[in-house]
Amino acid sequence: MEQAYEEERKKLERVIQHIEAGQSQLKLAGQTPVHPRASAAPLKEFLGEYGDGLNLALAQPYFGRIDYADLSDTAIRPDMSIYIGATQIMKEDVCSWTAPVARLWYTNESSYTARGQGRRSERNIPVRVDLKRFLRIRDKQLLEINDIFRRMLAGPTDIDKSALADALSSVGEDGRRLQAIIETIEPHQYEAIANQRNPALIVQGAPGSGKSEIGLHRIAYLLSPFNEIESATPPTPETTLFIGPSKAFLEYARDVLPTLNVSAGVQQTTLRDWFLDRRATRLRVRDGLLGNLNDQGRMKVETFKGSLAMADMLDKHVRRLTERVRRQCRALSGFPIEIDAGRSVQVMTSDIQKSLQAALARASDGTGLNSRRQTFLRLAADAVLERYWEIRDAFGEDTESRRRTVSRQVAEYCNDAWPRYDVRRSYVALLQDVDTVLRLARNNLSEDEAHTLKVSAGRMLDGGFLDSDEGALTYLDHLFNGTIKRQYRHIVVDEAQDVSPIEFKLLSLASTNNLFTVLGDLAQRLTPYRGIHRWRALDRVLGRAETAVQYARLSYRSNKHITRFNNRILRLFNKSLPAPTPFDRDGHRPEIHRHSTNNAMHRCVIEDLSRIRSLPGFSDARIAILARDRNIFNEFYTGCVDAGRDDIEFADRSSFSTSRTILAQIPEVRGLEYDAVIVLGVNVSFSNTEFNQKLLYLATTRAKHYLAIHWARRISPILTDISLRGIREVDRRNQ
């Protein structure tokens with residue numbers, strides 16, 4: 001092995017020298033005032049296809065080596081050695097992890113697909129893999145080599161788990177941001193990332209299964225020059241959209257794409273911000289329903305608002321308005337317009353009808369009803385000016401002023417027949433019209449539910465709209481104002497279980513090709529009135545034939561003891577989804593701490609922060625202290641102030657905290673993970689409802705290495721309903 005190590009060390013030196021030479025040429029080219037086009041070609045050839053990734057490749061040019069024999073009839077070099085890294089370095093046989101040949105590294109397959117000149121020129125290359133060697137390189141230094149497969153020796157046939165186990169065991173700095181995982185991609189993850197057969201891919205993934213990493217790596221894979229998308233317009237960074245669950249999560253994941261050679265341009269935003277940028281109407285939306293809906297009739301009503309049935313009802317509503325406009329405008333007759341004092345022109349009935357026909361003919365191109373109204377008014381005014389050319393010439397330099405005069409009077413005359421529709425008032429008026437709702441909703445609402453909808457709508461204009469209304473309001477805004485344009489060629493939606501079908505329809509309206517990557521976990525859907533209850537509910541939006549659902553059951557985040565405990569909570573509210581399979585990683589067992597009072601609990605937790613950091617390897621651990629109730633949250637913070645602890649930072653969904661210790665309410669940490677998690681106040685008030693079960697599950701699944709649950713007086717019935725076998729129970733009432 002020493003000889004192999006020395007050979008690999010010399011190889012690494014040559015590659016680094018090549019990269020540094022390329023960097024020097026790039027720097028020289030940038031300093032040259034006029035760079036001749038003739039000299040650009042050899043520079044590009046020298047740098048390979050990933051010249052922009054040289055800085056990235058310098059510290060770690062590659063991580064894997066594959067030796068294989070080409071068994072095809074056209075083999076030129078039967079014995080090959082290639083290296084796998086983030087960046088393509090052609091001269092040194094370093095291939096990008098997105099290259100077709102990299103499939104040999106990530107899977108146990110004995111062939112890969114090579115593409116010739118042109119996207120449709122493909123052939124299957126059969127191979128015999130002789131060696132897979134993992135190389136641990138950090139800061140240009142070769143630290144370790146490990147032959148994870150040798151054909152001539154007995155040994156494992158899968159990718160060795162040591163690199164993955166090391167990565168998962170890291171505590172502290174390495175966990176402050178979401179990381180690229182090209183070294184440790186598992187075969188099932190690779191199949192999802194490299195899936196190009198299905199335009200729409202849904203990944204149902206357990207907590208910590210790498211869903212977010214799959215989505216971000218699939219962005220990089222489909223943006224690479226090796227993608228096999230048979231389209232004249234493949235995705236580009238500017239036509240790629242990533243929807244994250246919160247601004248905090250987006251900050252947490254911001255470094256992944258740059259380390260995957262994805263240049264700037266990918267839009268990364270939350271769904272609410274994306275809606276906000278695409279609405280012509282300002283709305284006041286409040287999150288007023290979370291966990292507070294006990295009435296099943298009200299629940300059905302709020303769920304209906306986010307359904308495709310609601311979208312159908314709004315479509316029919318706008319079609320009714322359009323037909324009303326058509327009838328009313330057809331009844332208009334000609335009318336005079338005063339150009340200036342003592343001088344007027346006549347708008348002919350034929351002018352109105354021609355303008356109406358032209359404006360309504362655009363109904364199928366995504367133009368909203370209000371936008372078509374503007375077209376109607378402009379065409380009618382133009383017809384007047386065109387017909388009376390002698391008057392137009394008489395305007396002289398004041399033509400635009402006269403045009404505005406004509407347009408204003410046309411609008412005043414036609415306004416009753418074709419008013420400008422207000423999104424908010426039209427939405428409320430529709431929901432308050434019980435007969436119309438029942439007729440348009442068909443069998444999706446009962447009469448009692450329609451009356452419930454009417455009552456809730458009566459408070460909207462004064463009290464503000466609920467988060468359950470936002471998707472429907474944004475959709476109606478689009479129907480009125482044509483605000484959403486088709487511009488994206490790949491849309492990725494993370495934590496998609498909380499995105500309602502009508503919101504997915506809005507995203508599909510912005511897609512040119514329905515290429516989607518949908519990532520979520522139905523078991524983590526907190527809001528019962530919004531989101532997806534089953535993935536096949538998206539068939540109408542994404543297309544059933546074009547959509548594949550893949551399952552990611554293996555949970556990498558938590559150690560095996562924490563994952564098994566989490567599964568017991570999961571089974572309280574969901575028995576249909578497969579339970580996450582724990583990655584075989586040992587560690588601390590979950591702890592349950594009992595206290596006499598809340599104040600005592602707070603004091604013990606503050607003291608425990610030092611104890612946790614004294615554990616081996618935990619000195620730089622990121623610790624999250626989570627609570628359900630706002631009063632416990634505030635009481636604990638007051639205790640921190642009294643104890644002189646000023647190093648604990650509030651965390652919310654608006655920004656990602658890099659503090660070593662954060663305090664947050666449970667819903668605010670969706671999509672995030674921490675080395676240690678402490679859950680406060682899981683006492684009898686943490687009642688045994690499905691919502692609270694899901695909240696506790698969300699909290700406990702954030703923990704990587706350490707989990708502690710604290711309660712005072714009487715324990716939550718959720719914890720009495722599950723087995724505490726293997727859990728460390730600590731009675732601290734005497735402390």
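These are my notebook entries on what I looked up in this predicted model.

**Ground rules.** Residues are numbered from 1 along each chain as its sequence is written, and side-chain values use heavy atoms, with hydrogens and water left out. Since I am reading a predicted model, I kept in mind that local features need a pLDDT of at least 70 and that side-chain atom pairs count only at pLDDT 80 or more, while totals for chains, interfaces and linings use all residues.

**Confidence.** I looked up pLDDT, the predictor's confidence in each residue, from 0 to 100, and found that the protein averages 87, with 89% of the residues scoring at least 70. Helices here are DSSP runs of H or I with at least four residues, and strands are runs of E with at least two, numbered from the N terminus. Over residues 45-50 the pLDDT stays under 50, and the model has 20 contacts there beyond four places in sequence, where contact means heavy atoms within 4.5 Å.

**The sheet.** I then followed an open sheet of seven strands with parallel pairing, in the order β21-β22-β20-β23-β24-β19-β25; two strands pair if DSSP finds at least two bridges between them. Its edge strands, β21 (648-650) and β25 (728-731), each pair on one side only. Between β21 and β22 (residues 661-665) I noted three bridges in the parallel sense, and F650 stands opposite L663 in β22. Helix α25 (residues 630-642) packs on this sheet, touching β20, β21, β22 and β23, and its direction makes about 155° with that of β22. For such angles, axes are lines fitted to C-alpha atoms, for helices over the stretch in contact, and the angles run from 0 to 180 degrees between N-to-C directions.

**Helix α20.** Just after α20, G482 takes a positive phi of about 60°.

**Cysteines.** Taking a disulfide as a pair of cysteine sulfur atoms within 2.5 Å, I counted zero. The sulfur of C329 is 6.2 Å from the closest cysteine sulfur, in C414, too far for a bond, and C329 is buried, with a relative accessible area of 0%.

Notes
Buried means under 20% relative accessible area, exposed over 50%, partly exposed in between (1.4 Å probe, protein chains only).
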